[in-house]
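Please walk me through this protein from its surface to its core.

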Amino acid sequence: MAAPEVGRLQQLFSGPVAENQGRWSQLWDSGDFLPFDRGFPNPALEDTLTQRENVLGTAIQYADGSKHATRKTALVPGCGRGYDVLLLASFGYDAYGLEISETAVQRCKEEYEKNGHKYPVRDQEVGAGRVVFVNGDFFDSTTSKGDIESLGSPIKFDLIYDYTAWRLEPVD
């Protein structure tokens with residue numbers, strides 16, 4: 001990200017942390033300044049999934065020596081348009097993208113509808129995982145937990161993948 005873009009983001013988010021949701025919504029609603037949107041999944045994640053299976057293992061797990069396989073679940077907080085969520089699902093993870101902006105969640109769904117075919121199943125035996133986009137605040141455990149659990153039974157994540165949201169953690 002270029003210095004002017006960083007400066008613009010710093011200026012936009014220089015106010016009270018409690019107002020950040022509105023600021024993110026403003027960025028997504030206008031759609032003319034999304035410097036964090038590169039248009040593709042993070043290459044480091046793709047490299048890890050394709051070339052370093054020993055780091056994360058596979059998207060399938062067996063509980064307590066059982067022969068019954070279950071899918072691992074992955075959460076991508078601050079998922080943007082959902083590129084990393086779609087990539088994880090193509091490897092077989094049930095992948096959940098969490099975004100604070102309702103507009104961003106809508107963009108995720110549009111991306112999935114328009115370009116989901118660009119994320120082919122990587123292992124036919126495993127198949128594609130579930131893709132879910134949720135509107136919620138990663139730093140508000142009651143909001144995020146409630147929004148995610150409203151989709152069904154309580155969810156435990158096997159993988160939380162983040163390379164941007166941690167920078168937005170509220171600091172008092």
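Is Glu53 buried, partly exposed or exposed? Glu53 is partly exposed, because its relative accessible area is 48%, and a residue counts as exposed only over 50% and as buried under 20%. Glu53 lies in helix 4, which covers residues 53-56. Leaving aside neighbours within four places in sequence, Glu53 is in contact with Thr48 and Thr58.

Now step back to the whole chain. This is a predicted model. The mean pLDDT of the protein is 83, and 84% of the residues score at least 70. Helix 5 has the highest mean pLDDT, 97. Helix 7, residues 141-149, has the lowest, 58.

The protein has seven helices and six strands. Their order along the sequence is α-α-α-α-β-β-β-α-β-α-β-α-β. The protein has 172 residues, and 39% of them are buried. Consider the contacts with a separation of 6 or more: residues 24 or more positions apart account for 64% of them.

The largest nonpolar core holds 22 residues. Leu49, Val85, Leu88, Tyr93 and Phe133 have the most contacts inside this core. Two or more residues come from each of helix 3 (43-51), strand 3 (73-77), helix 5 (83-90), helix 6 (102-115) and strand 5 (131-135). Helix 5 gives the largest share, six residues.

Phe133 deserves a look of its own. Not counting residues up to four places away in sequence, Phe133 touches Cys79, Gly82, Val85, Leu86, Gly97, Val105, Cys108, Lys109 and Tyr112.

Turn to helix 5. How many of the eight residues of helix 5 are buried? Eight of the eight are, so this helix is mostly covered by the cut-off of under 20% relative accessible area. The buried residues include Tyr83, Asp84 and Ser90, along with Val85, Leu86, Leu87, Leu88 and Ala89. They pack against helix 3, strand 3, strand 4 (94-99), helix 6, strand 5 and strand 6 (159-160). Just after helix 5, Gly92 takes a positive phi of about 110 degrees.

Helix 6 is one of those partners. Helix 6 has 14 residues. From its first C-alpha to its last it reaches 20 Å, close to the 20 Å expected at 1.5 Å a residue. At its start, a side-chain oxygen of Ser101 comes to within 3.2 Å of the backbone nitrogen of Thr103. Thr103, Ala104, Val105, Cys108, Glu111 and Asn115 are the buried residues of helix 6. An α-helix has 3.6 residues a turn, so residues three or four places apart point the same way.

One more step concerns the cysteines. How many disulfides does a search of the whole structure find? The search finds zero. Cys79 is in no disulfide, and the nearest cysteine sulfur, that of Cys108, is 3.7 Å away. Cys79 counts as buried, because its relative accessibility is 10%. Cys108 counts as buried too, at 0%. Phe133 touches both Cys79 and Cys108.

Notes: Residues numbered from 1 in each chain as written. Predicted model: local features only at pLDDT ≥ 70, side-chain atom pairs only at ≥ 80, totals over all residues. Heavy atoms only, no water. Core = buried A, V, L, I, M, F, W, Y, C linked by side-chain atoms within 4.5 Å. Buried < 20%, exposed > 50% of the residue type's maximum accessible area, 1.4 Å probe, protein only. Helix = DSSP H or I, 4+ residues; strand = E, 2+ residues; numbered from the N terminus. Contact = heavy atoms within 4.5 Å. pLDDT = per-residue confidence, 0-100. Expected span 1.5 Å × (residues − 1). Polar contact = N/O pair within 3.5 Å; in protein donor to acceptor, adjacent residues only side chain to side chain. Disulfide = S-S within 2.5 Å.
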